[in-house]
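Biologist: I have the model open here. Could we go through how its helices are arranged?

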Amino acid sequence: MKSTKLYERDFKNSFKKKIVKKFAQFLSKPCRNCGKERLLSAIDYYLGKKHKCLQCQITSNMILPVIILIFHRLSISPATAGKIGDVLSGINCSSAC
Ligand SMILES: [Zn+2]
C-alpha cells in the first residue's frame, strides 16, 4: 500500500516526464517559417550563429538556458556542440534530401 508521499512523488515524476516529452517534441519539429529543426537552430544560436528567421531567433532565445544547462551537465564543449550540430544537420539533410 502506497503512502500519500509516494503518490505525490509519482504524480510529480509523471508530470515532469510529460513536460520533458512535450519539450522534446517541440524541439524536434521544424520551424514554420524556415523549416529548420528548432534544436538545430538552438545549437546554432548557442554557437553564436545568427538566424535569418525571427521565429527561430525567438525560440532559440527561449531554449538557450536549457541548452546551456544540458551541455554543461554533459560536459560538452562548444567545439563538440558544433560537431553535434554538424552531424545532426547532416542526418537531417540526408533524410530530407
Ligand atoms: Zn525559422
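Modeller: Let us start with H2 and H3, which are roughly perpendicular to each other (angles of 65 to 115 degrees count as such, under 35 as roughly parallel, over 145 as roughly antiparallel and the rest as oblique). Helices (H or I, at least four residues) are DSSP runs, numbered from the N terminus.

Biologist: At what angle do the axes of H2 and H3 cross?

Modeller: The axes of H2 and H3 cross at roughly 75 degrees and come within 8 Å. Axes are lines fitted to C-alpha atoms, for helices over the stretch in contact, and angles run from 0 to 180 degrees between N-to-C directions.

Biologist: Which residues make the contact?

Modeller: On H2 they are Arg 38, Ser 41, Ala 42, Ile 43, Tyr 45 and Tyr 46, and on H3 they are Cys 56, Thr 59, Ser 60, Ile 63, Leu 64, Ile 67 and Ile 68. Two residues are in contact if their C-beta atoms, placed from the backbone, lie within 7 Å.

Biologist: What should I know about the origin and numbering of the model?

Modeller: This is a predicted model, in which local features need pLDDT of at least 70 and side-chain atom pairs count only at pLDDT 80 or more, while totals for chains, interfaces and linings use all residues. Residues are numbered from 1 along each chain as its sequence is written.

Biologist: Which residues of H3 are buried?

Modeller: Cys 56, Thr 59, Ser 60 and Ile 63 are the buried residues of H3, and the buried residues pack against helix H2 (38–46). A residue is buried if 20 or more other C-beta atoms lie within 10 Å of its own, exposed if 12 or fewer, and partly exposed in between, with C-beta atoms placed from the backbone.

Biologist: Where does H3 bend?

Modeller: H3 bends by about 45 degrees at Ile 63, and Pro 65 follows within four residues. The bend is the angle between axes fitted to the seven residues ending at a residue and the seven starting there.

Biologist: And H1, how many of its residues are buried?

Modeller: The number is zero of 25, so H1 lies largely in the open.

Biologist: Where is Lys 29?

Modeller: Lys 29 is in the loop between H1 and H2. Lys 29 has 10 C-beta neighbours inside 10 Å and therefore counts as exposed.

Biologist: Last topic: what is the phi of Ser 75?

Modeller: Ser 75 has a positive phi of about 55 degrees although it is not a glycine. Most residues other than glycine have a negative phi. Ser 75 lies in the loop between H3 and helix H4 (78–96).

Methods. Helices (H or I, at least four residues) and strands (E, at least two) are DSSP runs, numbered from the N terminus.
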